Amino acid sequence: MVTSKLLQSSLKSQTGSFTKHLSASKRLSENLYQIPLLARFYGTDASLQKEDSTTNGFKGHDMLAPFTAGWQSTDVHPLVIEKSEGSYVYDVNGKKYLDSLAGLWCTALGGSEPRLVAAATAQLNTLPFYHSFWNRTTKPSLDLAKELLEMFTASKMAKVFFTNSGSEANDTQVKLVWYYNNALGRPNKKKFIARQKSYHGSTLISASLSGLPALHQKFDLPAPFVLHTDCPHYWRYAHPGETEEEYSTRLANNLEDLILKEGPETIAAFIAEPVMGAGGVIPPPVTYFEKVQAVVKKYDILFIADEVICAFGRLGTMFGCDKYSIKPDLVSFAKALSSAYMPIGAILVSPEVSEVIHSQSNTLGSFSHGFTYSGHPVSCAVAIEALKIYKERNIVEQVNKIAPKFQDGLKAFSDSPIIGEIRGTGLILGTEFADNKSPNEPFPPEWGIGAYFGAQCEKHGMLVRVSGDNIMMSPPFIMSPAEVDELISKYGKALKATEERVKELKSQQ
C-alpha cells in the first residue's frame, strides 16, 4: 500500500507539468486524454484504450508484461488483440487496425496465411514434439537446416543451430565464440563490440550487446566484456559538411582506435544489424560496412550479422547481408523465419568456426549447449513452409513492387515542421520528430510528441512502434497498394493532429 502511494505520488509529480497543456484544450479532453492516462506520454508507446464502461478491459491483469511500465498494467486497460486477417488485427471490441509494424517486425506473411496454419496442424498431428539432444532429432529440423544453408549465399555457411528467439540466438553467438577461442588457445580473446542504439535482444547477454540504455538501467548491465562503438546515424551524428563516406571513414577509424585501445588480442567479435531496427530504423551510411569489415578482418575479429529483423525480404533483398555486401562469420535469424507463427530462431555458423567447435566437442565429449525446444518440429515445419512461400511468391520482388510507394509516400511528409528525418529502405521506415528539423533540438520530453502521434494513429485504426520521439514501421510483405495508400493516409492524419498539438504547446510556453 505504501509503495503504491509512493508510485502514485511520483507519477502525479512527473505528469503535473503536462496537465496544464491538456486542460487548455477542450478538443483533446474530448479525445481520451484524461488525467489517468497522462503518464503514457512519458513512455515508449501509447494506446487509446478508454477508461469507461464500453471497454472490454483487463486493467490490473496478472501478467508481468514485457517492455511495459507497471502503472500501465495497473491503471490502464491494455489493447487486447483478438484476431488477425492479412495486414490487419482486431481488438476484443472488434476495432480493426492496420498493423504497420507486422506485430514486432515479424508477421511478414500477415496474420492469416492458411498454409502456415496447415503446416503447424499437420506436424502437431504427426509429431508434436521431440528434441535434438544426443544425436537424436526430427526430420523438420534437418530439412530446415539444409534449406537455410542453401538460401544464404552472402558467405559460405556450414551448420545451423536452432533457438527459440533472436535473443537466444545472439546469446548463443557469444557462447559459440567463447568456445571457439578457448579451443584455439586464445582465452583472452573474449570481448564483443556492438554499437550504440543497436538492439540484439533482452536476455542478459543479448541485452548487454544492445546499445539502448533502457535495457541496462537497474539490470546491472551491460556485462563488462561488451564494448559499444559509434551509432552510424549520419543525420544525427555527422559533423557539419561531412559527407556520408567521410562519416563512415571516421566511424571505422574510431572502431579501430577502440580495438587498439583494448588490445586486438582481447576482441573476439563485432555484431551489427544491417539496418538498425528498434534503435530507430537507421540504415548505414555509404561505404560503412565495407570499411568496418576491413577493420575487423585486419584484427582477426569475427563478424556477426544480426539479421533478426532484416532477413527474408524486409530490405528488398533476401538478406540484409546481400544488400550491403556483408560477408559474416556468423548470422542470427528469427522473426520472419516462421512469419512469427511459431517461436523459432537460428544461427548460421561458418565452416571455419564450426570445424573448431566440432573438434573441441570431440575432445570434451560433448558440445554442451542447447535448449529443450531447439529445432522444435512444429516451429521448423512452419518455418519450412514460410521459406517455400517466400520462394514461390517471389517475396523479394513483391517487396520491391510496393516499397517505392511506401517509402516515397511517407517521405513526402518530410517537409513537416515537426519532422527531423524520415529514413528507411524496403519495407522498414523510421520517423524522428525534432524542432526546427534539427537533431540538436528535440521537443521537451514532457510534450510526448511521439506518443501523441502513436495514439493518433491508433485512434485512426493503425498500430505503429513508438520509442520516445521516434516512430517505426515495418509492415507485412503482403500489403496491397491500396493498403499502402491507407497507411499513408492514416499517417498523414496523425501527423496533422500532431502538428496542431505542437502549435498548442508552443503557444503556452
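## Overall picture

Within this protein, 71% of the contacts with a separation of 6 or more are between residues 24 or more positions apart. The model is a predicted one, and its chain of 509 residues has 56% of them counted as buried. Its secondary structure consists of 17 helices and 15 strands.

## Helix 17 and its partners

Two packed helices are described by the angle between their axes and the distance between the axes. Helix 16 (residues 449-459) packs with helix 17 (residues 481-507) at about 140°, and their axes are 9 Å apart. Angles over 145 degrees would count as roughly antiparallel, so helix 16 and helix 17 are oblique to each other. Their crossing is right-handed. On the helix 16 side the contact is made by Ile 449, Tyr 452, Phe 453, Gln 456 and Cys 457. Helix 17 contributes Tyr 491, Ala 494, Leu 495, Ala 497, Thr 498, Arg 501, Val 502 and Leu 505.

Helix 15 brings Ile 402, Lys 405, Phe 406, Gly 409 and Leu 410 to the contact, while helix 17 brings Pro 481, Val 484, Asp 485, Leu 487, Ile 488 and Tyr 491. The residues in the contact of helix 15 with helix 17 divide into eight nonpolar, one polar and two charged. Tyr 491 of helix 17 takes part both in this contact and in the one with helix 16.

## A look at Ala 497

Is Ala 497 buried or exposed? Its relative accessibility is 10%, and the limit for buried is under 20%, so Ala 497 counts as buried. Beyond residues up to four places away in sequence, Ala 497 touches Tyr 452 and Gln 456. Both of these residues belong to the helix 16 side of the contact with helix 17. Cys 457, also on that side, is 40 residues from Ala 497 along the chain, and their C-alpha atoms are separated by 9.8 Å.

Helix 11 (residues 288-298) has Tyr 288, Phe 289, Lys 291, Val 292, Gln 293, Val 295 and Val 296 as its buried residues. An α-helix has 3.6 residues a turn, so residues three or four places apart point the same way.

Which elements do the buried residues of helix 11 pack against? They meet strand 5 (191-195), strand 7 (267-272) and strand 8 (302-306), along with helix 10 (244-262) and helix 12 (320-324). After helix 11 comes Asp 300, with a positive phi near 55°.

The loop between strand 5 and helix 8 (204-209) holds His 200. With a relative accessible area of 2%, His 200 is buried. Its side chain is joined to that of Ser 198 by a polar contact of 3.4 Å. Setting aside neighbours within four places in sequence, the residues in contact with His 200 include Gly 166, Ser 167, Asn 170, Ala 194, Ile 271, Glu 273 and Asp 306.

Lys 197 lies in this loop between strand 5 and helix 8 as well. Lys 197 is not a glycine, yet its phi is positive, at about 75°. At 21% relative accessibility, Lys 197 counts as partly exposed.

## Other backbone features

Ser 339 is another non-glycine residue with a positive phi, of about 55°. Its place is the loop between strand 9 (330-333) and strand 10 (345-349), and Ser 339 is buried, with a relative accessible area of 0%.

Where does Pro 222 lie? Pro 222 is in the loop between helix 8 and strand 6 (226-229). The peptide bond that leads from Leu 221 to Pro 222 is cis, with omega near 5°.

Thr 121 is found in helix 5 (residues 114-126), where it is partly exposed at a relative accessible area of 39%. In sequence, Thr 121 and Ala 381 are 260 residues apart, and in space they are 9.6 Å apart, C-alpha to C-alpha.

How values were computed:
Residues numbered from 1 in each chain as written. Predicted model: local features only at pLDDT ≥ 70, side-chain atom pairs only at ≥ 80, totals over all residues. Heavy atoms only, no water. Buried < 20%, exposed > 50% of the residue type's maximum accessible area, 1.4 Å probe, protein only. Helix = DSSP H or I, 4+ residues; strand = E, 2+ residues; numbered from the N terminus. Contact = heavy atoms within 4.5 Å. Polar contact = N/O pair within 3.5 Å; in protein donor to acceptor, adjacent residues only side chain to side chain. Axes fitted to C-alpha atoms, helices over the stretch in contact; angles between N-to-C directions. Parallel < 35°, antiparallel > 145°, perpendicular 65-115°, else oblique. Left-handed = near helix turned anticlockwise from the far one by under 90°. Nonpolar A, V, L, I, M, F, W, Y, C, P; charged D, E, K, R; others polar.
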